[in-house]
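Colleague: I have the coordinates open and would like to go through a few positions with you. Could you take my questions one at a time?

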Amino acid sequence: MAVDESRTKGAQPHPFWDFWGPIVFMLALYLGIRQFLVEARYIPSGSMQPGLKIQDRLLVDKITYRTRTPQRGEIVVFNSPYAFDPALRSPQKPSPLLCGLVNLPLLGLIPGLGDPACDAYIKRVVGVAGDRVVVGPTGAVSLNGMPLEEPYVEQLCPLNAQGMSPCRTLSRTVPEGSVLVLGDNRSNSWDSRFWPGSPFLPQQEILGRAVVRFWPPNRIGLLTD
């Protein structure tokens with residue numbers, strides 16, 4: 001049987017897509033999974049010590065909060081306060097494209113490309129809508145008039161001889177649609193206590209719930225509340 005060489009030739013992929021097609025597909029797949037399902041994050045600071053250490057790698061679940069609201073004790077990853085705090089956000093918000101680029105591996109290391117509003121933070125939820133949260137000078141929390149048990153907190157703020165502390169106190173009721181978050185390392189965490197415009201984290205700014213540590217190998221495991 002004769003072969004129609006013109007049809008065979010026409011079916012051949014274009015050299016451009018022959019090389020770039022698989023790369024574009026893999027990039028789209030990566031971005032889709034990262035945007036809607038799960039993404040990896042690393043711990044850049046000591047604000048969540050001792051439970052989470054600098055350079056720990058975590059998986060962030062992006063599905064749970066589509067069906068329910070955050071709960072007390074959960075560790076959440078959220079947009080930088082520079083993206084939502086009334087006293088910090090810029091009138092010219094960076095584009096989603098820019099934030100997507102700076103959060104890609106290696107690209108975020110390019111000097112001048114980053115923007116504080118594109119960063120992500122990680123803290124623990126200590127108060128949800130309707131809660132009366134009081135944070136004392138040591139960073140200890142009272143919730144609705146009762147001391148909050150926080151076994152994950154080992155580093156409180158120091159007090160001087162006059163009972164004064166470098167950490168800020170807080171006494172607020174959490175409004176609907178928001179949560180109040182603190183770092184486990186109360187002596188070294190820029191969290192709800194310090195945000196100048198509002199101490200509350202809008203729920204729509206939460207990117208997901210940190211659920212699993214996958215690095216380093218000797219500390220792999222689920223993150224508990």
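Colleague: Where does valine 135 lie?
Modeller: Valine 135 belongs to strand S5, residues 132-135; strands are DSSP runs of E, at least two residues, numbered from the N terminus. This is a predicted model, in which local features need pLDDT of at least 70, side-chain atom pairs count only at pLDDT 80 or more, and totals for chains, interfaces and linings use all residues. Residues are numbered from 1 along each chain as its sequence is written, and side-chain values use heavy atoms, with hydrogens and water left out.

Colleague: Is valine 135 buried or exposed?
Modeller: Valine 135 counts as buried because its relative accessibility is 1%; buried means under 20% relative accessible area, exposed over 50%, and partly exposed in between, with a 1.4 Å probe and protein chains only.

Colleague: Which residues does valine 135 touch?
Modeller: Not counting residues up to four places away in sequence, valine 135 touches Ala140, Val141, Thr169, Leu170, Leu182 and Arg193, where contact means heavy atoms within 4.5 Å.

Colleague: Turning to glutamate 150, where is that residue?
Modeller: Glutamate 150 sits in the loop between strand S7 (146-147) and strand S8 (170-173). Glutamate 150 is buried, at 12% relative accessible area.

Colleague: What does the side chain of glutamate 150 join in a polar contact?
Modeller: The side chain of arginine 186, at 2.7 Å. A polar contact is a pair of N or O atoms within 3.5 Å; within protein, one must be able to donate a hydrogen and the other to accept it, and residues adjacent in sequence count only if both atoms are side-chain atoms.

Colleague: And what is the place of tryptophan 215?
Modeller: Tryptophan 215 is in strand S11, residues 206-215, and is partly exposed at 46% relative accessible area.

Key
Helix = DSSP H or I, 4+ residues; strand = E, 2+ residues; numbered from the N terminus.
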